[in-house]
Amino acid sequence: MALDQIKLNLLREIADLHGTPEGAYNIRADGETYGRATTANIDIVSKTDKSGIDIIIKPGTKNESVHIPVIIEKTGHQELVYNDFFIGDDCDVTIIAGCGISNCGSQDSRHDGVHTFHVGKNARVKYVERHYGEGTGTGSRVMNPETVVYLDEGSHMELETTQIRGIDDTVRKTTATQAAGSSLVITEKLMTHGAQRAETSFTVDMNGDGCSANVVSRSVARDKSFQLFKSVINGNCRCSGHSECDAIIMDDACVSAVPEITANSVDASLIHEAAIGKIAGEQIIKLRTLGLTEAEAEEQIVAGFLK
Amino acid sequence: MLELKNISYMAENDDSSKEILRNIDLTVSERFVAITGPNGSGKSTLAKIIAGILKPTEGQILLDGEDITDLDITERARRGISFAFQQPVKFKGITVYDLLKLASGRNLSVNEACEYLSRVGMCARDYVDREVNASMSGGELKRIEIATLLARSTKLSIFDEPEAGIDLWSFSNLIAVFERMYDQMGGTILIISHQERILKIADRIIVISDGRITREGSGSDMLPGLLDSVADDMTACERIDVV
């Protein structure tokens, strides 16, 4: 199967890819495997009991990357995919995922993905996930990603998720369980417009002494869109946890933030910060004194906020 | 050349209104003009009226002969008016480099951005990629604010109390920046200040008190008697700031 221009564009939007990437990859297009490559240290195996793949990274693998983009162009295509990552001890790898949907038809297109990460002792993982939608059809573009993370002792994971435009409905769910000395940094960037809905929830269980978690969400809600941010951090040991939800609300949008922090240990140190507000008038005035129109000023402020 | 003709401004509050500026007539054509006077006398209001942030209740504003009274902030900026805020605005995510690029209105190179920062006494490489956010000190924000005006390099640059809210160490550097700016800026600088060292650089000093221009003249003529009388109008704390 060759990739047409629409699919190539989706690949570029979600993974900065101009064709097949270097290193290990698995490209899924309209429910089929378009291409796959493995390396000496990274194996990718199709699941036999359900749709999805296992990505197995050998212990000690350093400075390698895996791309696993998913693209959907066929209107009405719906799928549920399970991808499991087994990252060996002492690895240092980057995983680039993401899903792009182009829907020019009248039926809903939908991708539900469950990604489970088993991160080995002292391993470091950077996981980048970008979601994007386009197309002029009346059918919705729906994505429901679920990310499950198990961090073993001393491991570190950075999780960057971005959804800037084009997804009509999304429920994003992330759960993490941390062992001693592990650290987790989650950065979410989200923008909704039109009548879109986005619900994100993070649940982090800090179970091992000396672990830390930092969950940061920045979002912009425009037009009549709706966002719900939930974060639950449970400090069950000597640990430090921080979550932050910072949202810009515009037009007739609605944003709701529901933070929850629970300390089950006197040595747990937990902080939550939440702020929702419109763009500060003085910021717009400042940029207008530099010669920008009000609309241009808003665009710059939003772009900077989500950068 | 900037001309203010019979500018008045009434601040409206719920049920009351207060006169802030009354019948200001002023022509600014020199390279460096300072406006001074007691706190609350209407100086900042006047600066905001010139930049288009506030609309005068009465009067007319002309820039190089063109009536700009009804032009908004953006249109005035595009005609060559720049404004440095007394309290510089903070952003989330916008870097010093971003701001300087926006100010210059072109695709400024990193080296050019660094040059502007160097001119305000900042170690450019340390700052160019930093966000203009709450992590910066008052002195840092002030200098970046001034750098944006250098990057704009317009025919009229207005500075609203650049010395306010910064520490003594930053202040000494700031004065040096303005001393250099006199030679470097192509257009007119209109600066609101209480500071003797800034007033000393000015070609002309205008004193505003209780919403009116009470005195004006060349810097050398005005300065000797001015500081004593301005200090008389200030509170003890403000006098300490001046020192």
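Reply: The model is a predicted one.

Me: What does B:Leu100 touch, not counting residues up to four places away in sequence?

Reply: B:Leu100 touches B:Leu108, B:Ala113, B:Tyr116, B:Ala147, B:Thr148 and B:Ala151.

Me: Why is A:Thr175 described as partly exposed?

Reply: The buried class begins at 20 C-beta neighbours and the exposed class ends at 12, with partly exposed in between. A:Thr175 has 16 other C-beta atoms within 10 Å, so A:Thr175 is partly exposed. A:Thr175 belongs to strand 12 of chain A, residues 169-178. Leaving aside neighbours within four places in sequence, A:Thr175 is in contact with A:Val148 and A:Thr203.

Me: How do you know that the buried residues of helix 4 of chain B line one face of the helix?

Reply: In helix 4 of chain B, residues 110-119, the buried residues are B:Ala113, B:Cys114, B:Tyr116 and B:Leu117. Seen down the helix axis, these buried residues fall within an arc of 155°, so they line one face. An α-helix has 3.6 residues a turn, so residues three or four places apart point the same way. What covers the buried residues of helix 4 includes helix 3, helix 5 (124-127) and helix 6 of chain B. Helix 4 is followed by B:Gly121, whose phi is positive, near 80°.

Me: What makes strand 6 and strand 10 of chain B the edge strands of their sheet?

Reply: Strand 6 and strand 10 (212-218) of chain B each pair on one side only. The sheet is open, has six strands in the order 6-7-8-3-9-10, and shows mixed pairing. Neighbouring strands are turned by 15° against each other on average, direction ignored.

Me: How do you know that strand 3 and strand 8 of chain B pair?

Reply: Two strands pair if there are at least two bridges between them. Strand 3 (residues 32-36) and strand 8 (residues 188-192) of chain B are joined by four bridges, and these strands run parallel. B:Ala34 has B:Ile191 of strand 8 as its bridge partner.

Me: Which strands does helix 6 of chain B lie across?

Reply: Helix 6 of chain B lies across strand 6 and strand 7 of chain B, running at about 170° to strand 6.

Me: How many residues does each chain bring to the contact between chain A and chain B?

Reply: Chain B brings 20 residues and chain A brings 16. Helix 2 of chain B gives the most to the side of chain B that touches chain A, with four residues. By class, that side has 11 nonpolar, five polar and four charged residues.

Definitions and conventions:
Residues numbered from 1 in each chain as written. Chains lettered and ligands numbered in written order. Predicted model: local features only at pLDDT ≥ 70, side-chain atom pairs only at ≥ 80, totals over all residues. Contact = placed C-beta atoms within 7 Å. Helix = DSSP H or I, 4+ residues; strand = E, 2+ residues; numbered from the N terminus. Nonpolar A, V, L, I, M, F, W, Y, C, P; charged D, E, K, R; others polar. Arc of directions from axis to C-beta. Axes fitted to C-alpha atoms, helices over the stretch in contact; angles between N-to-C directions.
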